[in-house]
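Let's take a look at how parts of one protein chain are held against each other. Have the sequence and the 3D view ready, and follow along.

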Amino acid sequence: MASITCLKTLMLALIIASALGKNFSPPAARHRFSGGTSHEIEARNGAPVAAGSPAARERNTTVSADHIFYENYQTSLTWARSSTPHDLGPSHELQARDGNIIKRAPGSSPGDPLFKLPSCLGCLQAVNEPGKVTIDTLNTDYLERQMLTTAVDLLNKCVFYTSVPRAFMDIQEWFDRRALGGANEHPGLSKIATDYACRNNLLTIWNMYSGANDVTNAPQKPFSRNYWEVYTPGSWLNFLPQQGKQFTYFENMSRAMARRCGGVVYTMTMRPKNLKKYGFIWGTVEWPTLLARYRSGGSYAPQILISIDAADPRNQFFLDFETQEVISPVRKRDPYYLDVDGLLGKRATCDANLNYEQPDEDWFG
């Protein structure tokens, strides 16, 4: 008799389940309130959501309300909802990785790369710290970060050059410089030293900063910077001559170069046996910076100073780093001698940035 009663009870349960069909689900999963299907109010996490609210408008109407997973389809996983990342949670794989790897840059959105960087080295600071560019922001630390070359790249590769005195200061040296040609375009040694460096697979300051962009193509490269557009109208640096700050900027660039050059350091000059006579950028910025690093030592510190005669580059001299006095000539058999007869062909674009130097100025002399 008991078995018959149990069987009847089981059959009744099956009949009820069959009648309810797809609507059979745990009461905790869904709560309905009266008011019609078109103005239905849904309870999420125990709190009712009014019809017409943003949450209600997110409802998925492509799935029948009788579907057993209807409520699952109503869950919005769009990135517009602030709770979505919390609802999804990081996977076990990502949790096991370095948390910094999955962090996104401020202001990013899904679909962006993990790290949103500008298109040139060194421009991140300008993006993250927007503000007016001034001579104070164009300091030596900033300019050192913008260099295209590292200390490793510049080991035994740097060529500095001195100024050329004006006629009233040293008439003979002024005449000697003009005898070399090109003084109307570049009255100093910028062109001569850079061409010489390029043919010896060396570098001057004119090779160490980007000059790929200019005002005309800036819209195509909004994050790239040209560090030579000092006199280009409308450029980001054109305020410098307007404020009389261009030579402070050039000094900062030179100091940044001297912070990175090491090993053998070459300096081209009209008077290679009297390098100490020169002031201006070489004597007041570059050499003092090199000397401080020479005294400190280290893997990439300057170690040897060689002067080169601009009029006859075969004349090269080892100098005392401390006093700039001549120690001895550099002979052809010496490993640091630059062989004029074995010069390479100059790269076509090696001295392109020199086009920005004004005809009556010597920016780094």
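Predicted model: local features only at pLDDT ≥ 70, side-chain atom pairs only at ≥ 80, totals over all residues.

Cysteine 261 counts as buried, because its relative accessibility is 0% (buried means under 20% relative accessible area, exposed over 50%, and partly exposed in between, using a 1.4 Å probe and protein chains only). Residues are numbered from 1 along each chain as its sequence is written, and side-chain values use heavy atoms, with hydrogens and water left out.

**Disulfides**

How many disulfides are there? The count is two, where a disulfide is a pair of cysteine sulfur atoms within 2.5 Å. Here they are:

| Pair | S to S distance | S-S torsion |
|---|---|---|
| Cysteine 158 and cysteine 261 | 1.9 Å | about -80° |
| Cysteine 198 and cysteine 350 | 1.7 Å | about -80° |

With a torsion of about -80°, the disulfide of cysteine 158 and cysteine 261 is left-handed. The one between cysteine 198 and cysteine 350 is left-handed as well, again because of a torsion of about -80°. Cysteine 198 sits in helix α9 and cysteine 350 in the segment after β7, so this pair ties together parts 152 residues apart in sequence. (Helices, H or I with at least four residues, and strands, E with at least two, are DSSP runs numbered from the N terminus.) Both cysteine 198 and cysteine 350 are buried.

**Aromatic rings**

Next up, the rings. The model has 16 aromatic pairs; rings of Phe, Tyr and Trp (its six-membered ring) pair if their centres lie within 6.5 Å, and planes under 30 degrees apart count as stacked, over 60 as edge-to-face and the rest as tilted. Phenylalanine 160 and tryptophan 282 have ring centres 5.8 Å apart and planes at 55°, so they make a tilted pair. Phenylalanine 160 is in strand β3 (residues 158–161) and tryptophan 282 in helix α12 (residues 280–296), which puts them 122 residues apart. Phenylalanine 160 is buried at 2% relative accessibility, and tryptophan 282 is buried at 0%.

Tyrosine 231 and tryptophan 363 form a tilted pair too, with 6.1 Å between centres and 35° between planes. Is tyrosine 231 buried or partly exposed? At 25% relative accessibility, tyrosine 231 counts as partly exposed, whereas tryptophan 363 is buried at 0%. These two rings belong to a cluster linked by ring pairs, whose members include Trp206, Tyr209, Trp236 and Phe364.

Charges sit over rings here as well (NZ of Lys or CZ of Arg within 6 Å of the ring centre and within 35 degrees of the ring normal). Arginine 225 lies over the face of tryptophan 236, 4.1 Å from the ring centre. Lysine 277 does likewise over tyrosine 278, at 5.1 Å.

**Threonine 269**

Tyrosine 278 shows up again here: its side chain makes a polar contact with the side chain of threonine 269 at 3.2 Å. (A polar contact is a pair of N or O atoms within 3.5 Å; within protein, one must be able to donate a hydrogen and the other to accept it, and residues adjacent in sequence count only if both atoms are side-chain atoms.) Threonine 269 also makes a side-chain polar contact with threonine 162, at 3.0 Å. You'll find threonine 269 in strand β4 (residues 263–269), and at 0% relative accessibility it counts as buried.
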